[in-house]
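Below is a short briefing on one protein chain. Look through the sequence and the structure, then read the points by topic.

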Amino acid sequence: MRTQDTSPLSRIDTSFANYVARRRQTENAHLENGIPDYAFDLDYELRAKLMQIPHFHSICKKITATIETREIQFFNQKALAVGPNQFPEIFQMGTDCAHRLGIGIPNIFVYPNQTMNAFTYATDDVTPMIVLFSGLVERMTPGELKCVIAHECGHIHNQHLVFQNVINAILNSGAGSFGLVLSLANIALMQFWTRAGEVTADRAALICADDPELARNVNAKLLYGGMLNNAGQVDMESLRQQLDQTLNNPTKVYELLNDHPSAIRRIFAEKEFQECEVFYRWRPELKKPGMPVRDKREVDERCKKLVNILDND
């Protein structure tokens with residue numbers, strides 16, 4: 001006589017092949033020409049130019065792999081590794097974002113430093129590493145912290161880190177020995193690309209957010225420090241006036257030295273993407289009946305005007 005298997009575990013699909021198939025299905029549903037459909041066009045265009053620098057991609061990938069191995073060892077010694085039994089709520093945030101975007105679940109570390117910062121090391125999207133500074137974790141609500149993690153997952157999803165960590169090393173060292181092979185024009189291109197890449201990663205934060213407003217809150221907190229005793233809300237109209245002053249000030253050219261767009265620019269670039277049809281491909285449940293949306297080409301053009309420092313007309 002055959003006995004019926006009543007174990008709940010028997011109903012769980014543990015097939016690795018099926019897992020890979022589901023992951024590829026998720027990825028392919030949102031890929032256009034091999035890149036995520038939400039990626040900022042300027043990010044892709046500038047990355048293509050970086051690929052044209054002779055041997056730059058292969059050199060960056062090798063260097064990044066070395067950096068990643070070294071940094072994993074450092075943070076295993078100096079930081080706390082997040083997991084199902086250690087800061088499980090943060091681990092779940094990383095898991096949720098990874099599943100939403102279709103990447104590997106990141107290794108997340110919380111590092112004791114009061115700076116509001118987070119960053120990522122990865123040569124691919126299989127075993128990436130995200131580092132959260134304790135000062136940022138303390139000043140973000142759970143929903144906002146999930147957006148921070150999603151932003152870093154956006155960098156992973158778009159394979160920014162192959163270039164990003166090497167570019168940061170080059171820029172922070174004033175080019176160093178790389179100056180022998182890289183022109184100032186190429187260094188300027190790298191800086192320009194890193195700013196465009198932040199817009200793409202912010203879009204990943206919006207896609208993964210429990211509430212899109214939380215993604216903008218993250219960038220707003222970067223402006224005022226996210227004081228724990230501050231319960232006020234950032235007023236968008238006042239912020240728009242602050243942005244207009246920034247765009248009309250001739251000293252904005254100094255932003256060319258920055259590897260991130262200003263938080264104000266990023267907030268309004270996020271607002272533009274929230275009106276994009278691609279956003280609602282990912283989050284159809286957020287689209288209200290009759291809500292007007294723009295196509296991605298128009299949204300990207302509007303975002304270019306927001307983040308292009310030399311031309312905001």
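**Surface patch**

Val-253, Tyr-254, Leu-256, Leu-257 and Leu-310 make up a nonpolar patch on the surface, and together they have about 530 Å² of accessible area. The model is a predicted one.

- Leu-310, one of the patch residues, sits in the segment after α13 (296-307).
- Leu-310 has a relative accessibility of 59%, so it counts as exposed.

**The chain as a whole**

- The chain has 13 helices and six strands.
- Of its 313 residues, 47% count as buried.
- The accessible surface of the chain is about 16,400 Å², and carbon and sulfur atoms account for 53% of that surface.
- Among contacts between residues at least 6 apart in sequence, 70% join residues that are at least 24 apart.

**The sheet**

- Four strands form an open sheet with mixed pairing, in the order β3-β4-β6-β5.
- β3 (80-81) and β5 (118-121) are the edge strands, and each of them pairs on one side only.
- In general, strands of a sheet pair through backbone hydrogen bonds, and the pairing is either parallel or antiparallel.
- The pairing of β3 with β4 (residues 107-111) is antiparallel and runs over two bridges.
- Ala-81 has Phe-109 in β4 as its bridge partner.

**Aromatic pairs**

- The chain has 13 aromatic pairs.
- In one of them, the ring centres of Tyr-38 and Trp-282 are 5.8 Å apart and the ring planes are at 75°; planes over 60 degrees apart count as edge-to-face, so this pair is edge-to-face.
- Tyr-38 is in the loop between β2 (35-36) and α2 (41-51), while Trp-282 is in helix α12 (residues 277-282); the pair links distant parts of the chain, 244 residues apart.
- Tyr-38 and Trp-282 are both buried.
- The rings of Phe-75 and Phe-109 have centres 6.4 Å apart and planes at 40°, so this pair is tilted.
- Phe-75 belongs to helix α3 (residues 56-78) and Phe-109 to strand β4, so the pair ties together parts that are 34 residues apart in sequence.
- Phe-75 and Phe-109 are both buried.
- Phe-75 and Phe-109 also belong to one aromatic cluster, together with Phe-74, Tyr-111, Phe-119, Tyr-121 and Phe-133.

**Helix α9**

- Helix α9 covers residues 212-224, and its buried residues are Pro-212, Leu-214, Ala-215, Arg-216, Asn-217, Val-218, Asn-219, Ala-220 and Lys-221.
- Gly-225 follows α9 and has a positive phi, near 90°.

Conventions. Residues are numbered from 1 along each chain as its sequence is written. This is a predicted model: local features need pLDDT of at least 70, side-chain atom pairs count only at pLDDT 80 or more; totals for chains, interfaces and linings use all residues. Side-chain values use heavy atoms; hydrogens and water are left out. Patches are made of residues with over 30% relative accessible area and no salt bridge: like charges are joined within 9 Å, nonpolar side chains (Val, Leu, Ile, Met, Phe, Trp, Tyr) within 5 Å. Accessible areas come from the Shrake-Rupley method with a 1.4 Å probe; for residues, only the protein chains shown count as cover. A salt bridge is a side-chain nitrogen of Lys or Arg within 4 Å of a carboxyl oxygen of Asp or Glu. Buried means under 20% relative accessible area, exposed over 50%, partly exposed in between (1.4 Å probe, protein chains only). Two strands pair if DSSP finds at least two bridges between them. Contact means heavy atoms within 4.5 Å. Rings of Phe, Tyr and Trp (its six-membered ring) pair if their centres lie within 6.5 Å; planes under 30 degrees apart count as stacked, over 60 as edge-to-face and the rest as tilted.
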